[in-house]
Amino acid sequence: MASSKPTKLVICGGGNGAHAWAGIASSQPDTDVCVLTLSHDKVERWSNSLKEHDFTVNLYSKGECYKKLKTKPRLVTKKPEEVIPGCDVIGLVMAAVVHEKYLEAMKPFIEPGMVLVALPGQSGFEFQVRQALGEVSKEITIFNFISLPWATRIVEFGKSCDVRGIKSSLAGAIQRSLKEAPMDPCSTVQSLFGEYPVLKIKGHLLGASLMSVGAYMHLSILYDCWSNWDGEPLDELPPPFYLSISEKGAQLMSDMSDEVVAIGEAVAEQSPETDMSQVQHIHDWYNRCYDKDIVDKTTLYTCIKTNNAYKGLTQPMVKTEKGKFVPDFEYRYFTEEIPYGIIVMRGIAEVVGVATPHIDKVITWAQTIMNKEYLVDGKIQGKDVKDTRAPQRYGYATLKDLVGH
């Protein structure tokens, strides 16, 4: 990118992904990286750590650490007014449940021509941005990427994190601003990641909502592991999360993916000008995103079981007072990826008339565990839809509503 000034990036969040990107982006040339987190505790802890230590990102490939990035963001703050005015790129790297809180906090300072990156945005991100930002949402460039670029975990908060795997490519969609941006948005965002992942940006934001694959990837594994659980605590921790999947669980994941692909095809058929070409089956997604980490790409099952990036990523469990283990049904796979993922996909399916029996089966199981009502009598009309980003929450009843024109 030809520019005489550094690219000003504000990373919003304080979790695993925000740590990874803070270090990776700060290590790129001509960048000015700040972190915005609305948590006072996280600001204090991270800021104090940066006064005494470099920030270290440990990069792994095939289970071995091959590089350590030692760098740091310029500032960590909880005040949007300190970092948003004059910035080039805003990156939301956090649970979707708090997107609205950050969007509302930043709204007074967001200027036409800025770039908003959701990493990932999860399903329905564009619906929420329209509601939260109003007219200014048309004057900024919006990216929704379908997943994090990294398999990453914090080692020591504000000080170091491990990046266990980096996707070779990362798919996302873009809504271009009605106001011309001062720089090319795609090449600018690519420069903030480095060489990898290679950003594959195409299609309508609605396609990115359908390609938030974590929503059904994680739920299918959870259903596979726990749908027949008798409720008795386990004496030992179960196998690592992704590697615990059975062939039956991989088939369920594939079946759910087939239904998502069918939703994308229905949108494209009913609205030919809406580019849904980025919607693909999850087996193809694995082979594209983890081509350097997967040993056996033959089937979806073998892709997951032989993915080196998944080594060491544990099941979400809770330890009981007696030292045994039970599944953590309050983990983000439930609290985030259901209301901000699979429920949105199911809501889109309802608008375009696609049947989703496998998705429905998993939603019915999950909402019972959560004591929620989303899917009632075959429709997204339960009392808890108000807490999701399903199109039904916003009164979107037609494909024209979904597409946004």
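**Salt bridges in a predicted model**

This is a predicted model. The count comes to 12 salt bridges, taking a Lys or Arg side-chain nitrogen within 4 Å of an Asp or Glu carboxyl oxygen as the rule.

Q: Why is the contact between lysine 138 and glutamate 135 called a salt bridge?
A: The closest N and O atoms are 3.4 Å apart. The cut-off is within 4 Å, so the pair qualifies.

Q: What makes glutamate 135 exposed?
A: Its relative accessibility is 57%.

Q: Where do glutamate 350 and arginine 346 lie?
A: Both are in helix H13, residues 338–352. They sit 4 residues apart, about one turn of the helix.

Q: Why is arginine 346 called buried?
A: Its relative accessibility is 6%. Buried means under 20%, so arginine 346 is buried. Glutamate 350, at 25%, counts as partly exposed.

Q: What makes aspartate 387 and lysine 386 a salt bridge?
A: The N to O distance is 3.3 Å. The limit is within 4 Å, so the pair counts. Lysine 386 is exposed at 52%, and aspartate 387 is partly exposed at 37%.

Methods
Residues are numbered from 1 along each chain as its sequence is written. This is a predicted model: local features need pLDDT of at least 70, side-chain atom pairs count only at pLDDT 80 or more; totals for chains, interfaces and linings use all residues. Side-chain values use heavy atoms; hydrogens and water are left out. Buried means under 20% relative accessible area, exposed over 50%, partly exposed in between (1.4 Å probe, protein chains only). Helices (H or I, at least four residues) and strands (E, at least two) are DSSP runs, numbered from the N terminus.
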